[in-house]
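Hello,

Here is the structure I promised to pass on to you. Please open it next to this email and follow along as you read.

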Amino acid sequence: MDSHLQSFLVVVMVSLATFIVPTLAQLTPDYYDKVCPQALPIIKSVVNQAIIREKRTGASLLRLHFHDCFVNGCDGSVLLDDTPFFLGEKTALPNINSLRGFEVVDEIKAAVDQACKRPVVSCADILAIAARDSVAIVSVIQINLSSILLRNYCIV
């Protein structure tokens with residue numbers, strides 16, 4: 001048989017096998033509830049504490065997540081540090097003095113790893129969850145402030 005035909009058949013068989021063989025890896029919204037139930041509450045708590053310390057942290061975490069997802073998907077690459085042979089995204093020219101919140105992500109990672117007794121949560125997931133929680137926390141603060149101002153305005 002011709003070598004090109006053999007190569008073609010191998011490619012076709014491998015392609016068919018990838019579609020026929022079911023995969024057991026499934027994304028689930030309750031993954032961390034099973035693997036480390038403390039993970040999500042810890043992330044929310046650290047984000048809340050960071051927002052209390054610095055009001056801009058909520059927006060900074062959302063922006064950090066956006067920049068992580070913007071180029072090649074949400075992979076945590078925006079958190080990469082420099083090495084002798086690689087310029088990380090933290091210190092890349094567009095990000096210098098622009099992105100903030102790296103220390104919050106490091107704080108979250110350390111707290112979750114300690115509570116779960118091993119590295120469980122990926123940095124990409126930490127960025128996504130922290131961004132979600134920061135928006136929720138800041139939104140509640142804004143809603144509460146607005147209702148207080150509105151209530152005071154209506155009483156007068």
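**What I found**

Starting at the N terminus, the elements of the chain run α-α-α-α-α-α. That makes six helices and zero strands, where helices (H or I, at least four residues) and strands (E, at least two) are DSSP runs, numbered from the N terminus. A word on the source: this is a predicted model, in which local features need pLDDT of at least 70 and side-chain atom pairs count only at pLDDT 80 or more, while totals for chains, interfaces and linings use all residues. Residues are numbered from 1 along each chain as its sequence is written, and side-chain values use heavy atoms, with hydrogens and water left out.

Now for the chain as a whole. Of its 156 residues, 29% count as buried; buried means under 20% relative accessible area, exposed over 50%, and partly exposed in between (1.4 Å probe, protein chains only). Among contacts (heavy atoms within 4.5 Å) between residues at least 6 apart in sequence, 63% join residues at least 24 apart.

Helix α3 covers residues 39-53, and its 15 residues should span 21 Å at 1.5 Å a residue, which agrees with end C-alpha atoms 21 Å apart. The expected span is 1.5 Å times one less than the number of residues. Its buried residues are Ala39, Ile42, Ile43, Val46, Val47, Ala50 and Ile51. Seen down the axis, these fall within an arc of 165°, so they line one face of α3; the arc is that of the directions from the helix axis to the C-beta atoms. Pro41 and Ile52 are exposed on the face turned away from the buried side of α3.

In α4, the buried residues are Thr57, Gly58, Ser60, Leu61, Leu64, His65 and Asp68. They cover an arc of only 170° around the axis, which puts them on the same side of α4. The face turned away from that side carries exposed Ala59 and Phe70.

For α5, the list of buried residues reads Phe102, Val104, Val105, Ile108, Lys109, Val112, Asp113 and Cys116. Their arc around the axis is only 160°, so they sit on the same side of α5. Exposed Glu103 and Gln114 are on the face turned away from the buried side of α5.

How do α4 and α5 cross? Their axes come within 9 Å and cross at roughly 85°; axes are lines fitted to C-alpha atoms, for helices over the stretch in contact, with angles from 0 to 180 degrees between N-to-C directions. The two helices are therefore roughly perpendicular to each other (65 to 115 degrees). Thr57, Leu61 and Leu64 of α4 make the contact with Phe102, Val104 and Val105 of α5.

Finally, look at two backbone angles. Most residues other than glycine have a negative phi. Asn97, which is not a glycine, has a positive phi near 55°. Asn97 is found in the loop between α4 (57-70) and α5 (102-116) and is exposed, with a relative accessible area of 82%. Lys117, again not a glycine, has a positive phi of about 65°. Lys117 follows α5, lies in the loop between α5 and α6 (123-155), and is exposed, with a relative accessible area of 71%.

Enjoy exploring,

Your colleague

Methods. Angles under 35 degrees count as roughly parallel, over 145 as roughly antiparallel, 65 to 115 as roughly perpendicular and the rest as oblique.
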